[in-house]
Amino acid sequence: MAATLQLCYGKTFKRPFAVAPPNSGYSPKPNPSRIIMCSASSQSKRRYTITLLPGDGIGPEIISVAKNVLNLTASLQGIDLSFQEMAVGGVALDLTGVSLPEETLSMAKQSDAVLLGAIGGYKWDANEKHLKPETGLLQLRAGLNVFANLRPATVLPQLVDASTLKKEVAEGVDIMVVRELTGGIYFGKPRGFGTDENGEEIGFNTEVYAGYEIDRIARVAFETARKRQGKLCSVDKANVLEASMLWRKRITAISSEYPDVELSHMYVDNAAMQLVRYPKQFDTMVTNNIFGDILSDEASMITGSIGMLPSASLGESGPGLFEPIHGSAPDIAGQDKANPLATVLSAAMLLRYGLGEEEAAKRIEAAVLDTLDRGFRTGDIYSSGTKLVGCKEMGEEVLKSVESRVPAAL
Ligand SMILES: NC(=O)c1ccc[n+]([C@@H]2O[C@H](COP(=O)([O-])OP(=O)(O)OC[C@H]3O[C@@H](n4cnc5c(N)ncnc54)[C@H](O)[C@@H]3O)[C@@H](O)[C@H]2O)c1
C-alpha cells in the first residue's frame, strides 16, 4: 500500500478544520501548532473505534450492511476497527425515556467517528417535541459540534435513468451542498408556543446567525469549491430576512480570502427552481440549516434515489458524524427493501474524512460502482434489465466487490 500523508493530532487522525467532499481534492488548511504529519502506512497499527447508531426503522438493516462492509474493507487494508453500538432516537426513547441518552453522546465523543442509520417513526410522531426521536438527532449534532454538513449529489452514469429529470438535464450533475448544521431556525431562541394579542394560539421560531457561524461555514464552502470547479453559489433570502442579509454580507467578506473562487448569490426560491431547471449550473452551494435541509433533499432526487446519498457532518475537532441523508423509511422498515448504499457510501466518507483512510474509502466506493455495474439494484433504483435485490443481498454483492475489485489507484 502506498504511503499517504495525513494530518494528525497525536495518535489518531483528526480533522484540523474541515474536510472535503468525494473527488473534491479538498485539503484542509492545517494549523501547524496543532498538527503533525504522519503516514497511514507508517503506523504499525491503525486502530479506530467507531460508534454505530442504528436508530429506528430501516436503520438497523442498513447499518448492519455498512458494518460488514467496513469490517471486510478494514481487514483487507490492514486497519483495526472496533465498534460500539449505542441507542439513539425512538429506540432510545423506549429504552431510557430520552432520545439521546448521556452514555450515547459520551461514547460518541470518545470514539474516532460516528456512523448513524436513521431515526424516527410513526410510533413517536405524536410525541411532544422533547420526546421526539428527531430531538435526539439535533442534540447529537449539537453535542458533537458538527457545524458543517457536506452532501454530495452526483448523478452516477449507471443510474442516470433513475432520475426524474430528462436524461440530458440530469447527466453529469455533480453538486456539493454545504449546509450549516448547528445554527439557524432549528436552534434559535426564542421558540415555542403562545398566544398573540388577539388571543390566537401561535407557534414561533427564530432564525438567528452569529457572524462567526457564517464565517466558519463560508470557509469550509470556499475551500471545498476551490478544489472542485471553483464555483460557489451562496443561497439565502436576503431580500426578506435580516439573518440572510448578514449571511450575504459575511459570505461576501470572506470571499476576498478566495479570489480564485467565483462567488454568486441566489435567493432560495430561485435556487429551488434552478435545481430542477438546469442543475449543471451548480458546482458547490452553501446555505443555512433550513434551506440546506430542503435543497439537499431536492438535489438528491435529481440523482434518482434518496437511498444513494451519503453525508458527512464535521466540526473543528472531535469525531465526525456520518449518515445517509434519508430518514428511517418506516413504510419499508423490516421488509428487506431498503437501499443500503447511502449508508455504505457514508462509511466510505467516514474512512476518508473521519479517519484519513483514503485507500479504504476508495475501495468501498469502487465496490459500490462495481456492484451497480454488475446490474444489482434495490427497488428504489430498479429499472428493467437490472437485477432486483433486497437490502441484505445488495450488501452481500458489495462485499464480493470489496474483495474482488481493487481500485486501480490502490
Ligand atoms: N437523519 C434522519 O435520521 C432522518 C432524516 C429524515 C427523516 N427522518 C425521519 O424518518 C421518518 C420518515 O421520514 P420521511 O418518510 O419523511 O423520509 P424518509 O427518507 O424516511 O422516506 C422518504 C421515502 O424514501 C424512501 N426511502 C428512504 N430511504 C430509503 C432507502 N434507503 N431505500 C429505499 N427507499 C428509501 C422511503 O421508503 C419513503 O418512501 C420520520 O420520522 C422522519 O422524522 C430521519
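Which residue in β14 does Asn149 stand opposite? Asn149 faces Ser313, and we'll build the picture out from that pair.

Two quick notes, everyone. Residues are counted from 1 along each chain, as its sequence is written. This is a predicted model, where local features need pLDDT of at least 70, side-chain atom pairs count only at pLDDT 80 or more, and totals for chains, interfaces and linings use all residues.

Back to our pair. Strands β7 (residues 148-154) and β14 (residues 310-314) run antiparallel and are joined by 3 bridges. For pairing, DSSP has to find at least two bridges between two strands. Strands here are DSSP runs of E, at least two residues, and helices are runs of H or I, at least four residues, numbered from the N terminus.

Axes are lines fitted to C-alpha atoms, for helices over the stretch in contact, with angles from 0 to 180 degrees between N-to-C directions. Contact means that the C-beta atoms of two residues, placed from the backbone, lie within 7 Å.

What about the neighbours of α10? The axes of α10 and α11 (residues 358-373) come within 7 Å and cross at roughly 160°. The two helices are therefore roughly antiparallel to each other; angles under 35 degrees count as roughly parallel, over 145 as roughly antiparallel, 65 to 115 as roughly perpendicular, and the rest as oblique. Residues making this contact include Leu341 and Leu345 of α10, and Ile364 and Val368 of α11.

Helix α1 (residues 59-76) packs against α10 too, at an angle of about 40° with the axes 8 Å apart. That makes α1 oblique to α10. On the α1 side, Ile62, Ile63, Val65, Ala66, Val69 and Leu70 meet Thr343, Val344 and Ala347 of α10.

Last stop, the ligand. Which residues come nearest to the ligand? Of the 21 residues around it, they are Gly120, Gly307, His326, Gly327 and Asn339; a residue is near if its C-beta atom, placed from the backbone, lies within 6 Å.
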